[in-house]
Amino acid sequence: MERKIACITGATSGIGKATAIALAKLGYAIIATGRRKDRLNNLSKDLPVGTDLLTLCFDVREREAVQKELRNLPENWKNIDVLVNNAGNAHGLDPIQSGNTDDWDAMMDINVKGLLYVSKEIMPNMIARKSGTVVNIGSIAGKEVYPNGNVYCASKHAVDAITQGMRMDLNPFGIRVIGVHPGLVETEFSMVRFKGDAERSKKVYQGLQPLTPEDIADTIAFAVSRPGHVVLADIVILPTAQASATVITKKL
Ligand code: NDP
Ligand code: 8X3
């Protein structure tokens, strides 16, 4: 197969790491990004033997760092075929009136602006080649709002809006834009949201069978491997125990 390149942001854990593995299994060369250098350095051990891997360590919030890393890709890594905008997280779960402004900044800066900064660097090459697939990881929180989810939900609603806008604006260039909106997936997500409170994080997934990062990665791999004339535009994926952002059946 002709060498194809997938760039996955936030590939150091959870959905991003599972997606790197799933796309590598499809034969993609992988650009994996994240802030934790040790995780990036160890990633190759979890990828299929022989995977062509380039790791880039940067914070998606830092516009200049994003530009520096992505504008200086080695020549044979410039033609990215698939971009998975996955880096993101929730910070806190508080009523709006007692929300922490640093948490608000983090969510808007990472989930929304970070996705834009990365996309801005990668879209021109796709446009020039009139080819490419962008997968934006939204959330059920981008389709519905739940109590105390306020700013996280706003950030993911913004991802949904940006995804729809990208699909329209990139349409003349034959670029596919896919929105993937998961419900509860057991990853490091809740540990980040609850700032390292392991007990509280575990409770989120107790009494139900949550999705695994591999469930989402399989879906992404399926979506990107459809024939070029097919775009799975908008995918909501929930665990069976979850009917909506707020309706969840737990057997405790
Ligand atoms: P994880 O916490 O396991 O992974 C988050 C990834 O994002 C890590 O690789 C992390 O890498 C990266 N990341 C976070 N902040 C930054 C930053 N500032 N700069 C660069 N990379 C960053 O969580 P998930 O795998 O669950 O989350 C992945 C995506 O899926 C997120 O967008 C999340 O909102 C979304 N999602 C998650 C759901 C869930 O229930 N888990 C459900 C719906 C959507 P590092 O720390 O090394 O920088
Ligand atoms: C993550 C899913 O419901 O915890 O986006 O917000 S939820």
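An oxygen atom of ligand 2 sits 2.5 Å from an N or O atom in the side chain of Ser139, well inside the cut-off for a polar contact (a pair of N or O atoms within 3.5 Å; within protein, one must be able to donate a hydrogen and the other to accept it, and residues adjacent in sequence count only if both atoms are side-chain atoms). This is a predicted model, so to speak of local features takes a pLDDT of at least 70 and side-chain atom pairs count only at pLDDT 80 or more, while totals for chains, interfaces and linings use all residues. Residues are numbered from 1 along each chain as its sequence is written, chains are lettered from A and ligands numbered from 1 in the order in which they are written, and side-chain values use heavy atoms, with hydrogens and water left out.

Back to ligand 2: Tyr146 puts a side-chain N or O atom 2.5 Å from an oxygen atom of the ligand, and a polar side-chain atom of Tyr152 comes in at 2.6 Å from a ligand oxygen. The residues around ligand 2 (a heavy atom within 4 Å counts as near) are Ser139, Ile140, Ala141, Tyr146, Tyr152, Phe189 and Arg193. Two of these names turn up again as a pair, with Arg193 over the face of Tyr152 at 5.2 Å from the ring centre; the test here is NZ of Lys or CZ of Arg within 6 Å of the ring centre and within 35 degrees of the ring normal. Arg226 does likewise over Phe222, at 3.8 Å.

Ligand 1 has 30 residues around it, the closest being Thr12, Arg35, Asn86, Tyr152 and Thr187. The Arg35 side chain brings an N or O atom to 2.6 Å from an oxygen atom of ligand 1. Backbone N or O atoms also take part: that of Ile15 lies 2.9 Å from a ligand 1 oxygen, and that of Val185 lies 2.9 Å from one too.

As for pockets (on a 1 Å grid over the protein atoms alone, open sets of points where a 1.4 Å probe fits, with protein on both sides within 12 Å along at least five of seven lines; lining residues have an atom within 4 Å of a point), the largest is lined by 48 residues, with Gly88, Asn89, Tyr152, Thr187 and Phe189 nearest its centre. Its volume, the space filled by probe spheres set on the points, comes to about 1,100 Å³.
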